Amino acid sequence: MIWGKDNWNFNNDANYGYFENSTYSQQMSDSYKNTLKNSLDNIDYNVIFNGENAWINEKWNGSCYGMSATALLAKYSILSYNSYKSDATKLYDLPYPSNNINVASLINYYQMLQVKDVIQQQYRTVPYCSHEENIKNIISLLDTNSFVLIGFKDNDWNGHTVLAYDYEYGNWSWNGVNYDGCIYILDPNHSVSYDDEYDIYFNSKTYNWNIPHYADVSSVQGSVFNYIGANVSEINEGGYLSGKADSKITHYVSRIEAEAVASNHSVSKVKPSSNGNYLNQNTSAGEIIADVSFIARGDSNGTFGYNLLDSDSSYKITQKNAEPLQLTIDYENCMLRAGSVAGTQVIFDKTGYVTVEGESADYNISMVFNEDYPIDWFAFNVNGHGADYASMSKTSDGYILESDNLKNVSVSANNKEVSAEVSFSTDYNKVLIYEIDKNTIGVSVDTDNNGTYETRLNTDLLRGDVNKDGKINISDAVSLQKYILGKGTLADWKSADICNDNKIDVFDVVAIRKLLIQNK
């Protein structure tokens, strides 16, 4: 590793801070975004590009992984310098991201690639190896590789990614503690020049380690490594620089992300019984591990949840009181999400079944599949209101949604090319949601109770018909204005979203007034 050649000439904290008030999307050109879309599987595409929690639309909070990964690829001559600056001969020559959208795009493209299973699986397994195993792994990889990509997290669950480029044994002392080993580090938080405070110091007898610059990053304070790799194919899988998505995972570790959950909750394995109920199963020690993940979180605080060593089982998450509950489970070929404003329980089954229970509250259920989905759309999302329970199950014909309240339900679906949405209300407690064509979602009920959903509901959406009486008049405008002022409720959110921007605000009030003038 040669300083002033193999490192970026700016760092993640200072010069790159130009972007701290923008989103990742604003730092990537359309050509990079389109390539990224085509390189991802359905689940990863959904995490990065789709829905209200799309990572690419998140505010930028660092690109340590992207900077480290691209520096590694440059060292192996995979990055063509003159593609980013005509006279560049080394990484250090490339312009600041704030001056060159292609440089910003490249770094943040690779930042997004943390979402890949092959990377996430390391995040879910490496922290549980001993410090000795991980230090020895780094050293072994440095014996045969120029760079080793290292991720670590401190006891406060802050994650960061750096590059190791050499090691040696000797004598060092930091804060009164002696070490006999040093792993030399290129840290994107201080990548412009060498600083020994960023190196990893370790004891070859105890394998305790420390990074002096980060006062809270040491093994004795609970810090752990969460990624150790030098496999260029793995790091560049799906990459902009001729990466391929062909890595194999021998044992998949699933993951529950708890975006909202009460402190008093439990997680258990369950199994469906003959009567359709889910019964608790015995769980071996270490099968369900509380941990924080950094998927779609850059180098900031991660998301609390659980790593699940049994990736084939169904899981139940229960909390004692009806409080906000929002959970996502990541199986190898499907991602399921469910939540309730006042939830008490969620059950996930990888075969394509989700149930959420609560106390007469708004709820949501989503399913995303990489394979074996029944219709052209691989992602399916449902939002309902005022229900004690709701369940959705995948069938060969579509999805069956069941609830004690199917009034004012909104459904959306998408693949990488098209999306569709529909709203419906019915007094029935069970419907089949299916595909009519690639742009149209159908909803049918079983009116004669023979198991066949033969009657299609009228799902035509009349934007502006806020009170759902089939027409747009002054009462709709009054209802909308009362809602905006916090003095009323809505019969149907989709109809009230006249601007079709997934928000209900004063612009919708202006829009409905224009509709009333046009209809005079």
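A: **Aromatic pairs in their setting**

This is a predicted model. Start with the overall form. For 520 residues, a compact globule would have a radius of gyration near 24 Å, and the protein has 26 Å, so the two agree. Along the principal axes, the C-alpha atoms fill a box of roughly 80 × 55 × 40 Å. The chain forms 10 helices and 21 strands. Of the 520 residues, 55% count as buried. Among contacts with a separation of 6 or more, 59% come from residues 24 or more positions apart.

The accessible surface comes to about 22,600 Å². Carbon and sulfur atoms hold 44% of that surface. The protein has 38 positive and 66 negative charges.

Now the aromatic rings. A search of the whole structure finds 28 aromatic pairs. One of them joins Tyr24 and Trp55. Tyr24 sits in the segment before helix H1 (30–39). Trp55 sits in the loop between helix H2 (42–49) and helix H3 (64–75). The two residues are 31 residues apart, so the pair links distant parts of the chain. Both Tyr24 and Trp55 are buried.

A second example is Tyr32 with Tyr109. This pair is edge-to-face as well, with 6.3 Å from centre to centre and 70 degrees between the planes. Tyr32 belongs to helix H1, and Tyr109 to helix H4 (residues 101–112). They are 77 residues apart, and again the pair links distant parts of the chain. How buried are these two? Tyr32 has a relative accessible area of 2%, so it is buried. Tyr109 has a relative accessible area of 0%, so it is buried too.

Rings can also gather in a group. Trp3, Tyr165, Tyr184 and Tyr194 form one aromatic cluster.

Tyr76 gives another view of an aromatic residue. It lies in the loop between H3 and H4. Its relative accessible area is 29%, so Tyr76 is partly exposed. Which residues does Tyr76 touch, leaving aside those up to four places away in sequence? They are Asn145, Ser146, Phe147 and Val232. Take Phe147 from that list. Tyr76 and Phe147 are 71 residues apart in sequence, yet 9.2 Å apart in space from C-alpha to C-alpha.

Asn175 has a phi near 55 degrees, a positive value in a residue other than glycine. It is found in the loop between strand S2 (159–174) and strand S3 (177–186). Its relative accessibility is 72%, so Asn175 counts as exposed. Asn408 also has a positive phi, about 55 degrees, although it is not a glycine. Its place is in strand S17 (residues 406–414). Is Asn408 buried or exposed? At 18% relative accessibility, Asn408 counts as buried. The cut-off explains this, because buried means under 20% relative accessible area.

Notes. Residues are numbered from 1 along each chain as its sequence is written. This is a predicted model: local features need pLDDT of at least 70, side-chain atom pairs count only at pLDDT 80 or more; totals for chains, interfaces and linings use all residues. Side-chain values use heavy atoms; hydrogens and water are left out. Helices (H or I, at least four residues) and strands (E, at least two) are DSSP runs, numbered from the N terminus. The radius of gyration is taken over C-alpha atoms; the globule rule is 2.2 Å times the number of residues to the power 0.38. Buried means under 20% relative accessible area, exposed over 50%, partly exposed in between (1.4 Å probe, protein chains only). Contact means heavy atoms within 4.5 Å. Accessible areas come from the Shrake-Rupley method with a 1.4 Å probe; for residues, only the protein chains shown count as cover. Lys and Arg count as positive and Asp and Glu as negative; His and the chain ends are not counted. The place of a charge is taken as NZ of Lys, CZ of Arg, CG of Asp or CD of Glu. Rings of Phe, Tyr and Trp (its six-membered ring) pair if their centres lie within 6.5 Å; planes under 30 degrees apart count as stacked, over 60 as edge-to-face and the rest as tilted.
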